[in-house]
Protein chains: 2
Amino acid sequence: MNYTAQKPTTASNPLSTEELRAMNAWWRACNYLSVGMIYLRDNPLLKEPLKIDHVKHRLLGHWGASPALSFVWLHLNRVIKRDDLDMIFMAGPGHGAPGVIGPTYLEGTYSEVYPDKSEDAEGLRKFLKQFSFPGKIGSHVTPETPGSIHEGGELGYSLSHAYGACLDNPDLIVACVVGDGEAETGPLATAWHSNKFINPIRDGAVLPILNLNGYKIANPTILARISPDRLAALFHGYGYTPYFVEGDDPDSMHQIMAQTLDTVIAEIRAIQKSARESGKAELPSWPMIVLRTPKGWTGPKEINGHKAEGSWRSHQVPFSDVRTNPAHLKLLEDWLKSYKSEELFDANGRLIPELRALAPQGHRRMSANLHANGGLLRKDLKLPDFRNYAVEVKEAGKVLYENTKPLGEFLRDVMRNNMTNFRVFGPDETASNRLQSIYEVSKKVWMEELLPEDADGGELSRDGRVMEMLSEHTLIGWLEGYLLSGRHGFFHTYEAFAHVIDSMFNQHAKWLDISKNHVPWRAPVASQNILLSSTVWRQDHNGFSHQDPGFIDLVTNKSPSVTRIYLPPDANTLLVIADQCLRSTDCINVIVADKQKHLQFTTIEEAIVHCAKGVGIWGRASNDEGVEPDVVMASCGDVATQEALAATALLREHLPDLKVRFVNVVDLYKMQPITEHPCGSTDREFDSLFTTNKPVIFNFHGYPWLIHKLAYRFKNHENLHVRGYKERGNINTPLELAILNQADRFTLVIDVIDRVPGLAAKAAHLKEQMKNQIILNLAYAHEHGTDKDEFTNWVWPH
Amino acid sequence: MNYTAQKPTTASNPLSTEELRAMNAWWRACNYLSVGMIYLRDNPLLKEPLKIDHVKHRLLGHWGASPALSFVWLHLNRVIKRDDLDMIFMAGPGHGAPGVIGPTYLEGTYSEVYPDKSEDAEGLRKFLKQFSFPGKIGSHVTPETPGSIHEGGELGYSLSHAYGACLDNPDLIVACVVGDGEAETGPLATAWHSNKFINPIRDGAVLPILNLNGYKIANPTILARISPDRLAALFHGYGYTPYFVEGDDPDSMHQIMAQTLDTVIAEIRAIQKSARESGKAELPSWPMIVLRTPKGWTGPKEINGHKAEGSWRSHQVPFSDVRTNPAHLKLLEDWLKSYKSEELFDANGRLIPELRALAPQGHRRMSANLHANGGLLRKDLKLPDFRNYAVEVKEAGKVLYENTKPLGEFLRDVMRNNMTNFRVFGPDETASNRLQSIYEVSKKVWMEELLPEDADGGELSRDGRVMEMLSEHTLIGWLEGYLLSGRHGFFHTYEAFAHVIDSMFNQHAKWLDISKNHVPWRAPVASQNILLSSTVWRQDHNGFSHQDPGFIDLVTNKSPSVTRIYLPPDANTLLVIADQCLRSTDCINVIVADKQKHLQFTTIEEAIVHCAKGVGIWGRASNDEGVEPDVVMASCGDVATQEALAATALLREHLPDLKVRFVNVVDLYKMQPITEHPCGSTDREFDSLFTTNKPVIFNFHGYPWLIHKLAYRFKNHENLHVRGYKERGNINTPLELAILNQADRFTLVIDVIDRVPGLAAKAAHLKEQMKNQIILNLAYAHEHGTDKDEFTNWVWPH
């Protein structure tokens with residue numbers, strides 16, 4: 001095969017002289033605004049000679065990526081307008097915000113959502129000044145930017161966001177500018193493979209535009225210096241048909257870009273038409289564009305004898321000493337004047353009508369496209385009644401069941417009821433996590449070759465709505481794009497490897513925090529639901545590398561208004577929580593629930609009551625009715641609850657006079673004061689459960705210190721003794737692992753004996769017994785490779 | 001260009017019949033051991049008919065990837081032996097451990113390091129039984145595996161580990177098997193670009209072997225179903241020359257693999273020879289192999305009517321009901337017997353001499369190569385005296401200096417003294433983090449095209465020892481490979497984006513924990529030194545998305561024996577800490593220090609004393625000499641210390657009678673009890689600093705809850721009031737950000753007034769003043785875009 005860059009197939013100079021002139025003028029306006037945003041606090045139209053006072057005190061922002069972003073925006077506008085396209089814009093180099101915010105202002109959208117940034121001189125002054133200014137808007141494409149669902153402050157996720165947005169949006173084209181710096185990140189490098197999950201009948205299209213401006217902060221980029229044929233081969237290898245648009249002369253670049261866009265849009269439409277008319281969805285070679293332009297395009301060619309345009313020196317503010325260096329003040333003025341703003345804006349500072357006419361109208365403007373304010377398009381899920389999927393629990397603590405299996409059945413019917421706006425995402429583990437019932441309704445989407453043996457349990461389909469790829473980054477990126485464009489989803493992954501997406505979680509939490517609390521025009525989007533399964537306590541065959549319950553630690557660092565954490569102890573509580581999460585908006589809901597067989601404790605009715613409270617006393621496991629307990633045994637998490645209950649049973653058997661209260665926590669934030677988190681507890685609530693002076697033995701699913709971090713403000717904190725995972729593990733049986741981390745039933749009994757005043761002497765024999773049990777059970781595991789059969793047989797106190 | 005798979009250039013059937021027979025026998029032995037590890041607890045040589053009692057109770061492990069791993073190992077042995085190559089093996093699909101552990105046993109190494117797993121029937125029984133058995137070895141390539149420096153429990157890092165190991169090892173070839181599941185991860189997808197950082201004169205080579213076995217846990221893999229020409233194009237695009245070895249017939253596959261290995265080894269040697277003889281290092285097209293083999297190769301073709309070999313059903317244990325299903329017990333016996341172990345092992349269970357002779361000898365065995373137990377090769381760094389780089393501090397709190405700049409000068413000379421075993425790694429930010437002095441000695445390595453303008457400050461060189469790529473994953477992967485093979489390094493990154501490598505940190509910490517505490521034959525390796533700079537408090541121009549000090553939260557979840565966290569408050573303390581970290585072994589040292597200009601507090605002599613203690617009273621900032629303080633003002637972190645000192649100055653000025661003790665924490669673990677962490681404090685130490693009953697106002701760099709998590713066991717914990725970052729931020733001036741998070745000097749003064757008994761009435765006026773200061777300073781920032789000039793002018797109490 002001959003893999004080189006494709007040549008456009010359409011007319012070679014599609015722009016008339018007049019069109020070219022007008023388009024370039026619009027672009028000049030964008031670039032003028034970009035420079036203005038970085039430098040100016042006043043004199044926005046340069047009506048008077050530029051003075052020091054017009055310049056901001058601190059110059060902040062990124063010029064380098066901005067001109068190319070506006071260039072792409074401009075050209076997309078042309079085809080949107082001509083073909084009435086439904087298109088949104090994803091700015092991978094989100095730090096090149098001026099190049100994105102400028103167009104949103106020129107299209108009028110900015111003034112619509114922020115009326116004080118009006119389309120006149122005063123509005124323009126405010127518009128320029130606010131950029132990267134304390135108390136105003138940031139220097140990246142933040143949630144405050146209309147038309148955006150991608151910040152790009154942290155790099156690497158533009159392409160997966162783009163693909164997520166185009167799913168189930170057959171008419172949408174997501175134009176995604178990928179920076180060549182960003183392209184070096186792992187998440188971006190694998191996100192190119194997202195094309196293999198797009199069904200051209202049902203989904204929209206992504207048009208990736210790799211902008212090779214050649215440099216990062218201080219280095220050339222890898223992709224910009226690969227030989228052209230290797231670069232073309234790379235994208236052919238990724239499954240695309242690459243078109244190269246390269247140069248620095250604006251006029252010829254406008255023609256080449258227009259010609260190339262005509263070609264690729266036609267190609268996208270042809271792919272879709274063919275698939276939709278034939279009803280046959282095959283994996284096409286989608287077009288993409290490699291746009292090679294100088295960094296800081298149209299900026300000063302040289303500053304202080306150093307190359308500026310086309311160099312890393314243009315990355316941020318090309319020259320900063322404007323307030324102290326008159327030569328540079330002049331250079332700035334000349335630079336601004338090179339765009340001839342007087343030809344672009346009228347006397348009142350409004351873009352002239354001829355240029356205004358270049359932008360599309362209403363919601364066709366990328367800055368006002370509804371898909372980029374997805375909450376406006378969001379429809380509530382049609383949820384089946386979760387009660388129908390409940391496990392029957394005749395007697396608590398007797399039935400073993402895979403906790404996630406009923407959830408899978410529930411999700412199956414959620415899928416069935418919402419076949420155009422709900423998807424499930426997971427890294428190759430839907431079945432491993434026992435959610436395979438979903439396949440009855442919708443299989444895994446697979447657009448690559450299908451082999452005969454796939455029919456035998458492969459669960460693959462062109463029409464599948466389950467997304468599996470061995471890249472947590474790509475999956476969560478897709479999900480974010482899907483949610484922010486107004487749909488719903490459910491992500492599940494191995495608990496330990498949720499850390500792969502820690503940073504993406506952080507960024508999404510920050511996005512939601514700002515959107516929800518500071519950007520009133522953004523409508524609420526569906527929450528991001530994350531199930532952590534295959535948890536730390538049941539890594540029997542994967543061992544130490546797969547043991548890490550710390551993702552939730554990270555979650556507790558983010559804004560309380562957008563974070564929730566649930567640890568349902570059994571299948572029915574998991575159902576209740578899942579239903580609740582699927583109804584919620586503007587949050588990240590983290591649910592921790594293991595996939596293995598576990599004892600069932602609550603009927604569905606009990607589960608509903610228990611989850612509504614988030615934390616509660618389990619009466620049947622307690623024997624302190626009517627009196628003050630001697631000790632509170634508390635638990636949070638499935639295995640933790642099993643062991644805590646077993647400990648309670650041992651205590652009941654051996655120390656029947658001891659009054660034990662059993663408390664279970666489903667909503668982890670109940671352990672925090674309500675002053676810190678909306679789901680938190682009042683002092684009164686907390687004290688009434690955990691007492692103010694009795695020992696509390698708390699068996700926790702995660703790292704024990706997390707409970708102290710949350711609960712340290714409560715009165716009884718000093719009596720709180722927490723057990724949990726503390727990095728002691730290998731390949732272990734479940735009981736062995738609990739014992740190694742001192743979160744097992746025997747250790748919990750010892751904890752009670754050690755902490756309840758007066759018990760030490762009375763229960764010395766029991767303590768010895770427990771120590772012996774630990775030794776015996778470890779010995780059994782090491783001899784037989786399994787826990788003793790009776791391990792799960794005595795858990796619920798009688 | 002025509003991009004298809006290359007054809008080998010060497011003789012087409014290089015193996016004689018005899019060689020072929022022997023090699024295949026060795027491979028049969030490997031596969032026999034693999035199946036044995038997964039299934040057998042007894043009867044290791046099948047001397048008697050297979051019975052239920054011979055089979056493990058729980059069957060755990062991954063068969064699917066194992067045969068191909070052994071196949072590669074076998075073939076590498078042939079060329080190692082023939083050419084006396086220095087080679088190590090990286091098992092990307094580390095869960096295919098049986099395929100790696102088997103060869104280490106057959107080579108004799110396993111018995112050398114674990115004498116009870118001797119080369120006889122009893123040793124073999126123990127060897128098979130221990131695999132994936134509670135209390136024994138795990139199911140992945142864990143640190144217990146000789147010859148390995150890569151676990152592969154979490155997927156995605158094999159290739160960056162491989163490239164890290166080959167740096168500065170000119171004679172080493174790192175054979176890296178990449179799984180096609182793993183290849184879908186982001187980190188792996190971009191790690192292919194590592195070839196662009198390898199200098200063929202100075203560095204060794206990596207031979208990537210992409211094993212397309214077609215399936216993950218339950219899905220086909222993306223790369224296995226790309227058309228062959230696109231696949232070839234992809235690797236051409238990545239800069240390689242790909243050779244395809246495809247098939248399932250062992251005999252012909254042996255020949256093709258041998259032929260291809262001959263070709264690629266010759267190619268590697270030719271590249272190196274040409275570069276070394278000419279002295280001219282250019283970027284070559286390194287060879288790589290695409291090895292397409294059936295998953296579970298040589299296993300049962302079909303089980304219960306389902307395809308097994310060549311299917312995802314072979315991923316783990318192909319059939320598990322051996323103890324209950326006699327037909328499957330028979331199937332297992334037949335499968336084991338198909339390898340004819342009686343031809344491979346002698347009567348005593350020892351591999352027959354003819355097959356033993358196939359492996360290399362001594363340290364040429366990949367299982368015994370010293371590079372894979374790098375601690376044995378590690379030489380202490382030749383460190384210059386860090387005192388020589390000290391900032392002169394005539395008066396504390398008066399001089400402003402970029403804290404990381406002297407560190408850069410120190411690292412420059414560390415580099416100068418250690419030009420073959422020390423490297424610095426960072427994502428495009430060495431200069432941004434003010435470490436650019438290093439370039440005076442060694443620039444950034446850049447093997448792609450060099451342009452004339454690079455000479456103007458580009459700081460690029462073929463010989464550079466500074467590694468920059470916009471992929472934290474790749475960088476930390478390189479560093480881990482470099483350290484584990486016996487060298488030293490320093491990684492620096494933006495604090496917020498350290499979360500990108502959270503999961504890699506977790507895995508490395510686990511690796512070190514096991515190696516250090518449970519694998520006595522592993523010699524200590526140099527610590528992983530991580531500088532977090534561009535911190536949360538100085539994201540003036542990047543804003544909210546770049547504000548996250550939570551990486552250290554994660555660190556505190558990992559084993560205390562391998563984790564250290566330092567927050568030096570100024571340049572001199574940073575120097576002391578850096579020196580200490582560069583001398584340490586088997587740890588991950590995390591240093592948090594911002595790059596911006598900060599006030600300097602300690603002379604180098606003071607810094608030495610202060611850092612040796614890790615925490616201490618700053619006498620000059622305190623006025624409680626000889627008496628009990630009324631309040632303890634404590635700080636940890638550069639900006640936090642500045643604000644706390646400024647608060648102390650305000651208190652001194654306005655409330656001169658108030659006795660304030662100032663405590664600064666450099667070693668964060670001093671806040672934890674010594675029973676929990678080796679760097680911790682005794683009760684006596686802690687109480688003597690923080691008192692047992694006085695209010696403590698603690699201004700912390702990170703999330704405030706972390707301090708509670710660490711310190712909750714100490715007596716005075718209930719009086720500990722912690723300020724820190726709590727996710728309130730945008731684009732902010734430094735003071736504005738501190739104010740928003742209530743970690744500013746004014747709020748701290750208010751905290752003192754509110755918490756010292758009796759002060760509320762006396763200092764009501766001061767409290768009002770402080771509130772006004774907050775309002776005034778915010779207003780100033782919002783008007784001018786900067787903090788007031790006097791902001792840093794009054795910090796140290798007089």
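Two exercises with worked solutions follow, both on a predicted model.

**Exercise 1.** Describe the interface of chain B and chain A by its contacts, its buried area and its polar pairs.

*Solution.* Begin with the contacts: 127 residues of chain B touch 126 residues of chain A. Next take the area, which comes to about 10,500 Å² buried between the two chains, with carbon and sulfur atoms giving 52% of that figure. On the side of chain B, the residues that lose the most area to chain A are B:Arg225, B:Arg230 and B:Trp705, which together make up 7% of what that side buries.

Then turn to the polar pairs, where the rule finds 69 residue pairs in polar contact across the interface, both residues being at pLDDT 80 or more. Several elements of chain B each supply at least two residues to the side that touches chain A, among them α8 (228-237), α20 (705-711) and α24 (764-784). The largest share of this side, seven residues, comes from α14(B). Sorted by class, the side of chain B divides into 42 nonpolar, 48 polar and 37 charged residues.

Finally, count the salt bridges, of which the rule finds 18 across the interface; the side chains of B:Lys709 and A:Asp553 meet in a salt bridge at 3.6 Å, N to O, and this distance lies within the 4 Å cut-off.

**Exercise 2.** Classify how helices α2(B) and α3(B) are oriented to each other, and name the residues that meet.

*Solution.* The axes of α2 (residues 66-83) and α3 (residues 98-106) of chain B come within 7 Å and cross at roughly 40°. The two helices are therefore oblique to each other. From α2(B), B:Ser66, B:Leu69, B:Ser70 and B:Trp73 meet B:Pro98, B:Gly99, B:Val100, B:Pro103 and B:Thr104 of α3(B). By class, this contact has five nonpolar, four polar and no charged residues.

Definitions and conventions
Residues are numbered from 1 along each chain as its sequence is written. Chains are lettered from A and ligands numbered from 1 in the order in which they are written. This is a predicted model: local features need pLDDT of at least 70, side-chain atom pairs count only at pLDDT 80 or more; totals for chains, interfaces and linings use all residues. Side-chain values use heavy atoms; hydrogens and water are left out. Contact means heavy atoms within 4.5 Å. Buried area is the accessible area (1.4 Å probe) that two parts lose on being put together, summed over both. A polar contact is a pair of N or O atoms within 3.5 Å; within protein, one must be able to donate a hydrogen and the other to accept it, and residues adjacent in sequence count only if both atoms are side-chain atoms. Helices (H or I, at least four residues) and strands (E, at least two) are DSSP runs, numbered from the N terminus. Ala, Val, Leu, Ile, Met, Phe, Trp, Tyr, Cys and Pro count as nonpolar, Asp, Glu, Lys and Arg as charged, and the others, Gly among them, as polar. Axes are lines fitted to C-alpha atoms, for helices over the stretch in contact, and angles run from 0 to 180 degrees between N-to-C directions. Angles under 35 degrees count as roughly parallel, over 145 as roughly antiparallel, 65 to 115 as roughly perpendicular and the rest as oblique.
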